[in-house]
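Time to look things up and jot them down.

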Amino acid sequence: SYQDISTSLCASHLIAMLQKAKSDTSRDAVGDAIVEIAGNIEKNDDLVAKLLAIDTTAPVPVRMTALRAAARLRPDLALPALQTGVRSDDPEMRRGALRALSEFAGVAALDDLLALARDASDDTERTIALRGTGDWSP
């Protein structure tokens, strides 16, 4: 529909703004706006794909905001990127992906979270993973 097209265009502009945002506050606000707007699009798969495709050379905070927004919109589509993110060599990326995995991925992330709670070498990451399992345990 015309409304979906205009909403998608607006969300695409917000993705461009996200990539230029200089502060965490600005990035978080743009990420929230993307989720709010994209949540009104009946089929937002293309937009989620754009969020997941943000250039890997972009700063980690930009990529994490995009990944969190994608996970909030479509956890099923974001799950592979979250699983990759928790194995990143960059601790900021790894922890951000772990937080998003535990907050938004649901039961599909339970096995990953249990493995991370057991195997992570970092106490903070083990704690984040363990807390995530508490939200989704059967």
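My notes start with the ground rules, then the whole chain, then one residue.

**Ground rules.** I'm working with a predicted model, where local features need pLDDT of at least 70, side-chain atom pairs count only at pLDDT 80 or more, and totals for chains, interfaces and linings use all residues. Numbering runs from 1 along each chain as its sequence is written, and side-chain values use heavy atoms, with hydrogens and water left out.

**Whole chain.** I looked up the secondary structure and found eight helices and zero strands in the protein chain; helices are DSSP runs of H or I with at least four residues, strands are E runs of at least two, numbered from the N terminus. The radius of gyration, taken over C-alpha atoms, is 15 Å, close to the 14 Å from the globule rule for 138 residues, so the chain is as compact as a globular protein of that length. That rule is 2.2 Å times the number of residues to the power 0.38. Along the principal axes, the C-alpha atoms fill a box of roughly 50 × 35 × 20 Å.

Of the contacts (heavy atoms within 4.5 Å) with a separation of 6 or more, 57% join residues 24 or more positions apart.

**Pro80.** I found Pro80 in helix H5, residues 75-85. Pro80 counts as partly exposed because its relative accessibility is 46%. Its C-alpha atom is 13 Å from that of Arg68, 12 residues apart along the chain.

Technical notes. Buried means under 20% relative accessible area, exposed over 50%, partly exposed in between (1.4 Å probe, protein chains only).
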